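Open the model in your viewer and keep the sequence panel beside it. Each stop below says what to select and what is there.

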Amino acid sequence: MTPIAETAAAKIRRGGRLDLDEALALYEHNDLLLLASLARTVKERKSGRDIYFNVNRHINLTNICAARCPLCAFGRGPGSADAYVMEREEVVAVARRAAEEAPDLSEIHMVSALHPDKPFSYYLGIVAAVRAALPQVHIKAFTPVEICHFAAIGGLPVGDVLQALKAAGLDSLPGGGAEILDDGIRSVICPRKASSAQWTEVVMTAHRLGIPTNASLLYGHIETPRQRLEHLIKLRSIQDETGGFQAFVAFPFHPENTGLPQLTRVGAWEDLRMVAMARLMLDNFDHIKAFWMMLTLPVAQLALAFGADDLDGTVAEEKIIHAAGATTGTSIAREDIIAVIREAGYIAVERDTFYNRRRAWGDDDNG
Ligand code: SF4
């Protein structure tokens, strides 16, 4: 182990903050069990033996996209045979059905492509209609990239877009579209969508308006480990300033059906290293997700030993990740999430989107 990696490990044990060189030294040291031990220590300091999940439903409104990013398997041109757009009544029907099928449903999660013609009023109308249909359910919708798109099509400042969505019933934003906040990388993997500065402007504006967001990173394409860590430092700096991020999630790149088919999906080793590095770097984030649908359930379960404290949701229906070749299911039963968490020796905590506890299943309590 290099002296700098040793310094980094000692710093973590003392509760200190890693700089880029220290993080890179730990990363390159590549001792997965050391990373696990350090990250688990940090996780348990923050959330003890609790591991969170929620009962949610994803709805992807449209796959018709003006950006057509090379990284994406989901977006389609308007004339494509499998292009689709959901209208308001259909979205409300899906949301209502989700609430009937899962009476504990606490969140509707809507993200979509950048439709070239749908006006901003279409999205506002959908949020208002879902809010009216399910007044108790949290609406987490529209990535910062979509918010930039709405600002462009509506001719509005980002703050006005966010305020209008909040007034219609939006509660929080997911953190997608961050990819790697490096415009050199973005010019290859997603040249026509929001820049690093635009993504950052949206999340900081949202946080200032009292709209929390998540943060994300897409790894395993053309970026270097240093660029991944620089991205984490950017997120950490935003969080220092606003405190508005609720959770971080790292998405592994799935190359199938994308414009980058020459790449191969990274392995479980890299997935777990990424989760651990996120937990070590993002000292001001309360929650690190292991998104089971992207990682597979077995790897997500292992990630609980690498600093993750959230397996995300029951999901039920998701198109974007599966378009890129994910072979995981599109939903999971609550009992199965609970079993996976308890098998790892942790307490399963069903949460709402703000991480308030709804129920818990621990050692002695079958809930
Ligand atoms: S990643 Fe998003 S913006 Fe890019 S093509 Fe896919 S749906 Fe469109």
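Predicted model: local features only at pLDDT ≥ 70, side-chain atom pairs only at ≥ 80, totals over all residues.

Residues are numbered from 1 along each chain as its sequence is written, and side-chain values use heavy atoms, with hydrogens and water left out.

**Stop 1: the ligand**

The ligand is surrounded by Cys-65, Ala-67, Arg-68, Cys-69, Cys-72, Ala-113, Leu-114 and Lys-193. By class, this shell has six nonpolar residues, no polar ones and two charged ones. In this count Ala, Val, Leu, Ile, Met, Phe, Trp, Tyr, Cys and Pro are nonpolar, Asp, Glu, Lys and Arg are charged, and the others, Gly among them, are polar.

**Stop 2**

Select residues 245-252, which form strand β6. Strands (E, at least two residues) and helices (H or I, at least four) are DSSP runs numbered from the N terminus. How many of the residues of β6 are buried? Eight of its eight are, where buried means under 20% relative accessible area, exposed over 50% and partly exposed in between (1.4 Å probe, protein chains only).

Leu-217 stands opposite Ala-250 in β6.

Helix α10 (residues 225-242) makes a right-handed β-α-β unit with β5 and β6, and helix α11 (residues 268-281) makes a right-handed unit with β6 and β7. Right-handed means that, with the strands pointing away from the viewer, the path from the first strand over the helix to the second runs clockwise.

**Stop 3**

Move to β9, residues 347-351, where five of five residues are buried. In a regular strand the side chains alternate between the two faces of the sheet. Which residues of β9 lie on each side? Ile-347, Val-349 and Arg-351 are on one side, Ala-348 and Glu-350 are on the other, and all of them are buried.

β9 pairs with β1 (residues 50-54) in the parallel sense over four bridges, and Tyr-52 has Val-349 as its bridge partner in β9. Strand β10 (residues 357-361) runs antiparallel to β9, with four bridges joining them; Glu-350 stands opposite Arg-359 in β10. The hairpin of β9 and β10 has five residues between the strands, and Tyr-355 takes a positive phi near 65° there.

**Stop 4: the nonpolar cores**

Select Leu-26, Met-110, Phe-142, Ile-147, Leu-235, Phe-248 and Leu-280, which touch the most other members of the largest nonpolar core, a set of 126 residues. A core is a set of buried Ala, Val, Leu, Ile, Met, Phe, Trp, Tyr and Cys residues joined through side-chain atoms within 4.5 Å. A second, separate core of five residues includes Ala-247, Ile-347, Val-349 and Tyr-355.

**Stop 5: single residues**

Centre on Phe-142, in the loop between β4 (138-141) and α6 (144-154). Phe-142 counts as buried because its relative accessibility is 0%. Not counting residues up to four places away in sequence, its contacts (heavy atoms within 4.5 Å) include Leu-61, Met-110, Tyr-123, Ile-147, Phe-150 and Leu-173. Phi of Phe-142 is near 70°, a positive value in a residue other than glycine. Most residues other than glycine have a negative phi.

Thr-296, in the loop between α12 (292-295) and α13 (297-303), has a positive phi of about 80° although it is not a glycine. Is Thr-296 buried or partly exposed? Thr-296 counts as partly exposed because its relative accessibility is 29%.

Finish with Ile-189 in helix α8, residues 183-189. Ile-189 is buried, with a relative accessible area of 0%. Beyond four places in sequence, Ile-189 touches Cys-69, Pro-70, Leu-71, Glu-179, His-221, Ile-222 and Leu-260. One of these, Cys-69, is also among the residues around the ligand.

Technical notes:
Near = heavy atom within 4 Å. Pairing = 2+ DSSP bridges.
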